[in-house]
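Hello,

Here is the structure I said I would pass on. My notes on it follow below.

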Amino acid sequence: MADILYTWGHNRPFNAYSNYMRKVFSERIQKLSIDAGFTCPNRDGKLSKQGCTFCSNDAFNPSYCRRYESITVQIEEGIKFHSWRYKNVDKYLAYFQPYSNTYASLDVLKARYEEALAHPKIVGLVIGTRPDCVDDEKLDYLAELNEKYHIVVEYGIESCYDATLKWINRGHTFAKTVKAIEETHKRGLETGGHLIFGFPCESRKDMLAEADILSSLPIDNLKFHQLQILDNTPMNEDYLYNKENYKFFSFDEYVEFIISFLERLNPDIIIERFASEVPPRYNIGQSWGSIRNEQIVQKIEQKMISMKTYQGRLYFPDKEKL
Ligand code: SF4
């Protein structure tokens, strides 16, 4: 059987980030995580000191990403760290990952971003932040940088439901997320988002409906995570006393759920990540046994091919009009 070429221009059953990046850069680009020393309004007391109840920045930080080192040193360490595995990579995106990386004055942001961009191997930035930590001035500046570099703003969406956002002590509404995505996208900046599946206050139906909600937004790419309970987090406390409220996806259930989600999702949205497991020492709840990201992608992809399904198969943007 001849390969199917989907609307996203390659024959994989979902709109894969790796293919998109190859199209943009014509070579492999690696992301280097940077801890640029920012904090977050949900940690420094502006909104709260507790943080989002699931949050443990340490759990997702690679070992070379150390906030007491300069950004330049972290980039050099990151290049060394990745070089054994990705021998042919020569260009990198600086990924400002932990905490809220637009939560500072514009002068501070300029100094930190431009230190990264001054490195000869850095071709752009991926800036992880909260939707309530951007404004017109910051986005206009990023749009200027975007004329010369590849700039991505990645928002923690986590959920499309205000009740969930409240339950996880997020400190902003979904309307704030929508506004930030719109303002970012309209400036020509690549706009990404991060979503968590498995909060006990959301049903499968609620989670699948998020595909419809996100499909209607001008968002370019998405990352998904299965809910994990991390050590030393408020959610861990809640979990210890209310275990019966939590039901974790088994690996097979998650694969099946993600496929259903993708079927409903706008095929223009690029999928950057399906799931990820923190190191076992941080994970208090259910673990899939340190399964690697490539194995997760492979399993989802193979199953979609065997089911003859694909991203957007059940996406009908004009269904209200039918
Ligand atoms: S998840 Fe992000 S916004 Fe929430 S507490 Fe952690 S760093 Fe702050």
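**Notes on the model**

Around the ligand stand Cys-40, Asn-42, Arg-43, Gly-51, Cys-52, Cys-55, Asn-57, Tyr-99, Ser-100, Arg-130 and Gly-156. Sorted by class, this shell holds four nonpolar, five polar and two charged residues. Please keep in mind that the model is predicted.

Next, the core. The largest nonpolar core comprises 69 residues. Ile-34, Ala-94, Phe-96, Ala-116, Leu-125 and Ile-258 have the most contacts inside that core. In soluble globular proteins, nonpolar side chains tend to be buried together. For Ala-116, the contacts beyond four places in sequence are Ile-34, Ile-71, Ile-75, Ala-94, Ile-122 and Leu-125.

Ala-116 also belongs to the buried residues of helix H4, together with Leu-109, Arg-112 and Tyr-113. Viewed down the axis of H4, the buried residues fall within an arc of 90°, so they line one face of the helix. Asp-107 and Glu-114, on the other side of H4, are exposed. The helix itself covers residues 106-117, twelve in number, and spans 16 Å from first to last C-alpha, close to the 16 Å expected at 1.5 Å a residue. What lies over the buried residues of H4? The cover includes strands E1 (29-34), E2 (91-96) and E3 (122-129), as well as helices H3 (71-83) and H5 (136-145).

Helix H8 can be described along similar lines. Residues 204-215 form this helix of twelve residues, and its first and last C-alpha atoms are 17 Å apart, close to the 16 Å expected at 1.5 Å a residue. Which residues of H8 are buried? They are Met-207, Glu-210, Ala-211 and Leu-214. These residues cover an arc of only 105° around the axis, which puts them on the same side of H8. Strand E5 (190-197), strand E6 (221-226) and helix H10 are included in what covers them.

H10 runs over residues 251-264 and contains Ser-260. Ser-260 has 16 other C-beta atoms within 10 Å, so this residue counts as partly exposed; the limits are 20 or more for buried and 12 or fewer for exposed. Between the C-alpha atoms of Ser-260 and Ile-229, which are 31 residues apart along the chain, the separation is 24 Å.

Ile-291 sits in the loop between strand E7 (270-273) and helix H11 (293-306). With 14 other C-beta atoms within 10 Å, Ile-291 is partly exposed. Leaving out residues up to four places away in sequence, Ile-291 touches Phe-251, Glu-277 and Ile-296.

Asn-232 is not a glycine, yet has a positive phi of about 60°. Asn-232 is placed in the loop between E6 and helix H9 (234-241). Is Asn-232 buried or exposed? There are 12 other C-beta atoms within 10 Å, so Asn-232 is exposed. The C-alpha atoms of Asn-232 and Asn-283 are separated by 9.9 Å, although the two residues are 51 apart along the chain.

The other one is Lys-308, with a positive phi of about 55°, again not a glycine. Lys-308 belongs to the segment after H11. This residue is exposed, because 9 other C-beta atoms lie within 10 Å of its own.

Regards

How values were computed:
Residues are numbered from 1 along each chain as its sequence is written. This is a predicted model: local features need pLDDT of at least 70, side-chain atom pairs count only at pLDDT 80 or more; totals for chains, interfaces and linings use all residues. A nonpolar core is a set of buried Ala, Val, Leu, Ile, Met, Phe, Trp, Tyr and Cys residues joined through C-beta atoms within 7 Å. Two residues are in contact if their C-beta atoms, placed from the backbone, lie within 7 Å. A residue is near a molecule or strand if its C-beta atom, placed from the backbone, lies within 6 Å of it. Ala, Val, Leu, Ile, Met, Phe, Trp, Tyr, Cys and Pro count as nonpolar, Asp, Glu, Lys and Arg as charged, and the others, Gly among them, as polar. Helices (H or I, at least four residues) and strands (E, at least two) are DSSP runs, numbered from the N terminus. The expected span of a helix is 1.5 Å times one less than its number of residues. The arc is that of the directions from the helix axis to the C-beta atoms.
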